[in-house]
Amino acid sequence: PLMLRLFSFSGRRQLLQSSCCSHFCSHSSSSLSPSSFPKSSLPVSLSSIICRSSFSTSVPSIAKMSTTSEVEFPSKRPKEEEEKGSSSNNSDDGWRLNLGGKSPPPFHLAFPVANVKEAREFYGGILGLEEGRSDLDWVDFDMFGHQIVAHRSDILPKDHFNSVDDHSVPVPHFGTVLPWDAFDALAKRLREKGIKFIIEPCVRFKGMPGEQKTMFFKDPSGNNLEFKAMRKEELLFAKQ
């Protein structure tokens with residue numbers, strides 16, 4: 001805060017009090033500008049300081065002043081208020097909502113298919129997912145607690161391949177991380193249904209934090225799916 005000391009000078013005290021009172025009392029609840037002060041009635045040092053200062057905040061009432069009082073002119077918010085505002089603006093935690101006891105929250109994915117009937121037969125019949133809402137051009141399924149929606153489209157995905165642990169992995173792809181034993185049960189079911197694998201069920205990253213079982217296959221529209229299972233589920237996001 002800018003601290004100004006009003007000194008009592010002989011012959012100027014009454015003039016300063018009467019002049020300042022009339023201006024401060026009439027503008028005590030509004031913002032003041034340098035033009036609000038009669039320069040001629042102020043000491044030279046105070047007048048020059050006011051002319052160089054930016055007044056964007058209200059000034060305390062002159063009623064609390066004496067001839068030798070110190071007057072505070074707040075030039076900015078209190079430090080703790082600034083820090084609070086700064087932390088809320090820069091924090092990356094604010095967007096995280098209360099999950100209401102659900103962890104993790106359900107994930108939603110919409111993807112294109114050539115035929116809704118074929119999608120029903122594959123996701124509902126072969127994978128055994130429960131069907132939810134639907135319309136002529138779309139149908140959604142409960143994929144282990146997550147919502148996936150097959151939308152009929154004339155534009156279908158094209159494969160791109162990346163190398164992952166000596167495997168050529170198709171991109172894009174989606175799927176679920178299953179418990180270790182559930183992975184084997186699904187792999188057996190897919191084989192019995194005659195599903196052709198892009199990458200056969202196998203274990204990759206052996207002996208590493210990310211050790212996992214994985215398998216890749218396609219739906220009738222060419223969408224790539226990957227199902228995996230972590231050797232240690234708590235290491236799903238661990239770095240190698």
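Student: Which order do the strands take in the open sheet of 4 strands?

Tutor: This is a predicted model. In it, the open sheet runs in the order 3-6-5-4, and its pairing is mixed.

Student: Which strands stand at the edges?

Tutor: Look for a strand with a single partner. Here these are strand 3, residues 108–113, and strand 4, residues 130–135. Each has one partner strand, so one side of each lacks a neighbour in the sheet. From one strand to the next, the twist averages 25°.

Student: How many bridges join strand 4 to strand 5?

Tutor: There are 4 bridges, and the two strands run antiparallel. Strand 5 covers residues 138–143.

Student: Now the charged side chains. How many salt bridges does a search of the whole structure find?

Tutor: The general idea comes first. Side chains of opposite charge can pair when their charged atoms come close. In this structure, the search finds 11 salt bridges.

Student: Which side chain meets arginine 152 in a salt bridge?

Tutor: Aspartate 154 does, at 3.1 Å from N to O. Arginine 152 has a relative accessible area of 38%, so it is partly exposed. Aspartate 154 counts as exposed because its relative accessibility is 70%, and exposed means over 50%.

Student: Which residues do shared partners join into one network?

Tutor: Salt bridges with shared partners link Asp137, Arg152 and Asp154.

Student: How far apart are the closest N and O atoms of arginine 191 and glutamate 200?

Tutor: They are 3.4 Å apart, in a salt bridge. Arginine 191 is partly exposed, at 47% relative accessible area. Glutamate 200 is partly exposed too, at 44%.

Student: Are glutamate 226 and lysine 228 buried or exposed?

Tutor: Both residues are buried. They form a salt bridge, with 3.9 Å between the closest N and O atoms.

Student: What is the mean pLDDT of the protein?

Tutor: The mean is 74, and 57% of the residues reach 70 or more. Then check stretches. Over residues 1–77 the pLDDT is below 50, and this stretch has 77 contacts in the model beyond near neighbours in sequence. Residues 80–89 are also below 50, with 2 such contacts.

Notes. Residues are numbered from 1 along each chain as its sequence is written. This is a predicted model: local features need pLDDT of at least 70, side-chain atom pairs count only at pLDDT 80 or more; totals for chains, interfaces and linings use all residues. Side-chain values use heavy atoms; hydrogens and water are left out. Two strands pair if DSSP finds at least two bridges between them. Axes are lines fitted to C-alpha atoms, for helices over the stretch in contact, and angles run from 0 to 180 degrees between N-to-C directions. pLDDT is the predictor's confidence in each residue, from 0 to 100. Contact means heavy atoms within 4.5 Å. A salt bridge is a side-chain nitrogen of Lys or Arg within 4 Å of a carboxyl oxygen of Asp or Glu. Buried means under 20% relative accessible area, exposed over 50%, partly exposed in between (1.4 Å probe, protein chains only).
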